[in-house]
Amino acid sequence: MWFLRLTFKVIHILRDGSSTRALAASIVLGMWIGLTPVATMHWFMLLALGIIFRINIASMLLSYISFGLLSTFLGPLYEYVGLRTLSQTPSLFPLWETLYHAPLIPYTRFNHSRVMGSFLISLGLSLPVFFLANFIINRCRENVFEHFRGTRFYQMYIHYQKFLR
């Protein structure tokens, strides 16, 4: 039953008249939260950012779950990228030292290779995921729902919406 409710919520989000850029931004924020290791300071800051700016929580949670599952397989890549950035680029050593002695920055645990790697990979994926999500949402609104209206699943969705009111 929860899967149907989640599916109907996604359909409602895509049918809704909200901005495609806002939905794409919520997907990117969910990607950041999903790819970042849990219980770091910037993970909590990203979560608070989503709540403060009142973005679409359902699409952010769906993105968080999807990218969180993907994140379990990307652990070695995080380690590699973070280790290369933190220990094998001597030109950045003064920056890391300055950040480590700053007041709040060490609580973000940026000096851990997995946290740094996930941050850099999330940063690199932000724009492609934003534009891809924007493109897919526009396509779904234009083409998919025209074919979707005649199905029994759509009729079930309409009855579900009437039941909620």
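The model is a predicted one, in which local features need pLDDT of at least 70 and side-chain atom pairs count only at pLDDT 80 or more, whereas totals for chains, interfaces and linings use all residues. Residues are numbered from 1 along each chain as its sequence is written, and side-chain values use heavy atoms, with hydrogens and water left out.

The buried residues of helix 3 are H42, W43, L46 and G50. They lie on the same side of helix 3, because the arc they cover around the axis is only 110 degrees; this arc is that of the directions from the helix axis to the C-beta atoms. An α-helix has 3.6 residues a turn, so residues three or four places apart point the same way. Helix 3 comprises twelve residues (41-52), and its end C-alpha atoms are 16 Å apart, in agreement with the 16 Å that it should span at 1.5 Å a residue. The expected span is 1.5 Å times one less than the number of residues. After helix 3 comes R54, whose phi is positive, near 55 degrees.

The setting of this helix is a chain with eight helices and zero strands; helices (H or I, at least four residues) and strands (E, at least two) are DSSP runs, numbered from the N terminus. Of the 165 residues in the chain, 35% are buried. Among contacts with a separation of 6 or more, 78% join residues 24 or more positions apart, a contact being heavy atoms within 4.5 Å. The chain exposes about 10,700 Å², of which carbon and sulfur atoms supply 70%, as computed by the Shrake-Rupley method with a 1.4 Å probe; for residues, only the protein chains shown count as cover.

Five aromatic pairs are found in the whole structure; rings of Phe, Tyr and Trp (its six-membered ring) pair if their centres lie within 6.5 Å, with planes under 30 degrees apart counted as stacked, over 60 as edge-to-face and the rest as tilted. W32 and F119 form an edge-to-face pair, at 5.5 Å centre to centre and 70 degrees between the planes. Because W32 belongs to helix 2 (residues 20-35) and F119 to helix 7, this pair ties together parts that are 87 residues apart in sequence. W32 counts as buried, at 13% relative accessibility, whereas F119, at 30%, counts as partly exposed. The rings of F130 and F131 are also edge-to-face, since their centres are 5.4 Å apart and their planes stand at 75 degrees. F130 is buried at 18% relative accessibility, while F131 is exposed at 51%.

S118 lies in helix 7 (residues 113-148) and is buried, with a relative accessible area of 0%. Beyond residues up to four places away in sequence, S118 touches L35, T36, P37 and Y78. G68, in helix 4 (residues 57-71), is partly exposed at 22% relative accessibility. The C-alpha atom of G68 is 9.0 Å from that of G30, 38 residues away along the chain.

Conventions: Buried means under 20% relative accessible area, exposed over 50%, partly exposed in between (1.4 Å probe, protein chains only).
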